[in-house]
Amino acid sequence: MFIQTESTPNPATLKFLPGQSVLGAGTADFPSAEGAEVSPLAKRLFGVTGVTGVFLGNDFVTVTKDEGADWDHVKPAVLGAIMEHFQSGEPVMAGEGGASGHAAFEGEDEEIVGQIKELLDSRVRPAVAQDGGDITFHGFERGVVYLHMQGACAGCPSSTLTLKMGIENLLRHYIPEVTEVRPVAV
C-alpha cells in the first residue's frame, strides 16, 4: 500500500491519500479524540502522539498535529496507523457514521438557503476538499451566512481570507440577500 501525502494551507495539517476509498459519501470530523470511538481509523490515529484532529473525506484522511509536535516524528507514525487500519479489514466507521453535511433549515429564507447550499456544493466544497477540508452551511440570519469549517480549514491561517475574500464575495455576487459570511465553531 502506497500512501501519498499533500501539504495543506494549514501548516499543522497534512492530507493523506491512501489510494482507496475512505468514506463512500460525506465526511467525518473529529476535532478531538472525544467521539472518535465511532471510527476505528480515527481512534487509531488519535493513538499517535501529537495528533489532535482527524478529518475523513471521500478518498483522503486529514490529520492535524499539536503545535509542539514535529511532522518529521508524527508523519511516519500516522502513515503506519493508516496502513495498519486498511490492512486490518476493520471498517472506517462503526455502524452509521460520517455523512456530515449542511444543517437543515426551514423558514421564510428557505429558498435563499437552498441557493447558498447549491453554491457551496458546486463551487466551494470541491476546492476546499482538495486542501483536505470541508465547509458546511450552519445557518442564515438577517443576511449573515454561518459556515462550519472542518479538517484543514479549521484553524488555518488563511481561512479568514478564504471566508471573506472568496466565499463571501461569491455568495454576495450571486445572492444579493447575503451581506456577510462568518465562521462558527460547532
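Trainee: D134 and R125, buried or exposed?
Mentor: Both D134 and R125 are buried. Keep in mind that this is a predicted model.
Trainee: How do the side chains of D134 and R125 meet?
Mentor: In a salt bridge, at 2.7 Å from N to O.
Trainee: How many salt bridges does the count come to?
Mentor: Eight. One of them joins the side chains of E6 and K15, at 3.9 Å from N to O.
Trainee: Is K15 buried or exposed?
Mentor: K15 is buried, because its relative accessible area is 6% and buried means under 20%. E6 is partly exposed, with 34% relative accessibility.
Trainee: What about R44, which residue does its side chain meet in a salt bridge?
Mentor: E90, at 2.6 Å from N to O. R44 lies in helix α1, residues 40–46, and E90 in the loop between α2 (71–88) and α3 (110–130), so the pair ties together parts that are 46 residues apart in sequence.
Trainee: Where do R44 and E90 fall on accessibility?
Mentor: R44 is partly exposed at 24%, and E90 is partly exposed too, at 38%.
Trainee: Which residues are linked with R44 in a network of salt bridges?
Mentor: E84 and E90.
Trainee: Different topic. Which domain does UniProt place at residues 3–89?
Mentor: The unreviewed UniProt entry gives "Scaffold protein Nfu/NifU N-terminal" for that stretch.
Trainee: What is the chain made of over residues 3–89?
Mentor: Over that range it is 29% helix and 26% strand, and the end C-alpha atoms are 17 Å apart.

Terms used:
Residues numbered from 1 in each chain as written. Predicted model: local features only at pLDDT ≥ 70, side-chain atom pairs only at ≥ 80, totals over all residues. Heavy atoms only, no water. UniProt positions renumbered as here; feature names shortened; annotations may be inferred. Helix = DSSP H or I, 4+ residues; strand = E, 2+ residues; numbered from the N terminus. Salt bridge = Lys/Arg side-chain N within 4 Å of Asp/Glu carboxyl O. Buried < 20%, exposed > 50% of the residue type's maximum accessible area, 1.4 Å probe, protein only.
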